[in-house]
2 protein chains.
Amino acid sequence: MILSQTSVYALKAVLHLAETGGGDFVRVDDIAADLKVPRNYLSKILHALARTGVLDSTRGPHGGFRLGKNPAKLTLDEVLAPFDEVIGESACLLGRKRCSDANPCAAHDRWKGVYAGVKTFFQETTVADLARGAIPEITLH
Amino acid sequence: MILSQTSVYALKAVLHLAETGGGDFVRVDDIAADLKVPRNYLSKILHALARTGVLDSTRGPHGGFRLGKNPAKLTLDEVLAPFDEVIGESACLLGRKRCSDANPCAAHDRWKGVYAGVKTFFQETTVADLARGAIPEITLH
DNA sequence: TTAAAAAATCATATTAACATGATCAAACCA
DNA sequence: TGGTTTGATCATGTTAATATGATTTTTTAA
């Protein structure tokens with residue numbers, strides 16, 4: 001897989017909230033059940049997303065998670081940042097820490113262009129781009 | 001990392017043989033020392049590459065590993081096939097087993113084109129493309 | 001035919017990702 | 001104010017990738 005399992009869970013959860021959340025708080029248990037993802041594991045992931053502002057959370061009755069940003073302005077890169085670093089250092093095909101035009105690995109020149117496409121995808125695609133159906137107007141707080 | 005550590009070792013070893021092997025058998029110990037890669041772990045990897053015909057191996061004095069195919073005809077895809085499946089099922093961003101135009105995940109339409117570039121890179125880039133310096137003429141057996 | 005050289009294999013250890021169950025702490029409401 | 005609802009956290013378990021050390025098997029050459 002391109003993304004780790006954790007990243008896939010994160011992305012699915014955020015899309016789920018964009019598609020069906022309607023700006024309301026949704027319980028972890030409900031999200032976990034809908035997505036068929038382990039409850040406590042998801043809880044930890046959603047908590048990490050709340051820390052970065054991607055999600056918003058409250059406890060107690062009527063608590064849960066909702067989007068913390070406008071989905072049209074929320075890039076996949078922002079969602080995945082706490083988990084995989086899809087972008088950045090991991091860019092080198094041969095696993096180098098530092099790999100640049102000035103100090104390239106054997107694959108650098110040919111891989112560069114391909115990787116640029118991947119990078120752009122994650123930096124420019126938004127949650128709204130991927131969410132199916134009508135995206136409700138969400139009032140941010 | 002895009003590729004697993006194992007895949008990186010495999011790719012580095014094959015490039016190393018293309019660049020410096022000169023068609024002769026090279027000992028695992030020497031490759032491992034040059035690449036700074038664990039010896040027995042590399043041995044297992046090279047053995048797997050020999051099974052698919054990418055490499056050729058012999059035991060005993062003057063034994064070791066050498067390329068089993070013309071590097072100009074050896075694609076990265078062929079090298080990595082026993083380890084990661086960079087190409088194929090793992091294609092779906094959201095981790096689906098089956099994800100197609102007919103039965104797409106939320107990311108399918110937008111990811112498809114980007115992924116096609118990655119796929120093409122691995123299918124069309126050859127070991128000779130990445131090997132630095134003169135590639136010696138290798139007599140295949 | 002025997003000793004050395006080399007890959008092949010085996011048994012085991014380490015680590016990180018992924019997962020589960022139990023408990024804790026905050027928010028809400030009667 | 002006390003009980004219920006909910007996220008947050010903790011302790012632990014499982015599994016696969018990565019790694020190490022020891023042993024076995026094959027090949028060559030003296």
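Me: At what angle do the axes of helix 1 of chain A and helix 2 of chain A cross?
Reply: This is a predicted model, in which local features need pLDDT of at least 70, side-chain atom pairs count only at pLDDT 80 or more, and totals for chains, interfaces and linings use all residues. Residues are numbered from 1 along each chain as its sequence is written, while chains are lettered from A and ligands numbered from 1 in the order in which they are written. Axes are lines fitted to C-alpha atoms, for helices over the stretch in contact, and angles run from 0 to 180 degrees between N-to-C directions. The axes of helix 1 and helix 2 (residues 28-35) of chain A come within 11 Å, and they cross at roughly 110°.

Me: What does that make helix 1 of chain A relative to helix 2 of chain A?
Reply: Angles under 35 degrees count as roughly parallel, over 145 as roughly antiparallel, 65 to 115 as roughly perpendicular and the rest as oblique. The crossing is at roughly 110°. Helix 1 of chain A is therefore, relative to helix 2 of chain A, roughly perpendicular.

Me: Which residues of helix 2 of chain A make the contact with helix 1 of chain A?
Reply: Two residues are in contact if their C-beta atoms, placed from the backbone, lie within 7 Å. Helix 1 of chain A brings A:K12, A:A13 and A:H16. Helix 2 of chain A answers with A:I31, A:D34 and A:L35.

Me: How far apart are the axes of helix 1 and helix 3 of chain A?
Reply: Helix 1 covers residues 5-21 and helix 3 covers residues 39-51. They pack at an angle of about 70°, so they are roughly perpendicular to each other. Their axes are 10 Å apart.

Me: How many residues in the contact of helix 1 with helix 3 of chain A are nonpolar?
Reply: A:T6, A:Y9, A:A10, A:A13 and A:V14 in helix 1 meet A:L42, A:I45, A:L46 and A:L49 in helix 3. Ala, Val, Leu, Ile, Met, Phe, Trp, Tyr, Cys and Pro count as nonpolar, Asp, Glu, Lys and Arg as charged, and the others, Gly among them, as polar. One contact residue is polar and none is charged, and the nonpolar ones number eight.

Me: In what order do the elements of chain A run?
Reply: Helices (H or I, at least four residues) and strands (E, at least two) are DSSP runs, numbered from the N terminus. Chain A has six helices and two strands. From the N terminus on, they run α-α-α-β-β-α-α-α.

Me: Which element gives the most to the surface near DNA strand C?
Reply: A residue is near a strand if its C-beta atom, placed from the backbone, lies within 6 Å of it. There are 28 residues around DNA strand C, and A:Q5, A:T6, A:P38, A:N40 and A:G60 come nearest. By class, this surface has eight nonpolar, 15 polar and five charged residues. With six residues, the element that gives the most is helix 3 of chain B.

Me: How are the two copies, chain A and chain B, related?
Reply: Copies are superposed by least squares on the C-alpha atoms of residues with pLDDT of at least 70 in both. A rotation of 180° with 0.0 Å of shift along its axis puts chain B on chain A, at RMSD 0.0 Å. The two copies are thus related as by a two-fold rotation axis.

Me: Which helix of chain B gives the most to the side that touches chain A?
Reply: The contact takes 23 residues from chain B and 24 residues from chain A. Helix 1, helix 5 (108-124) and helix 6 (127-130) of chain B each supply at least two residues of that side. With six residues, the one that gives the most is helix 5 of chain B.
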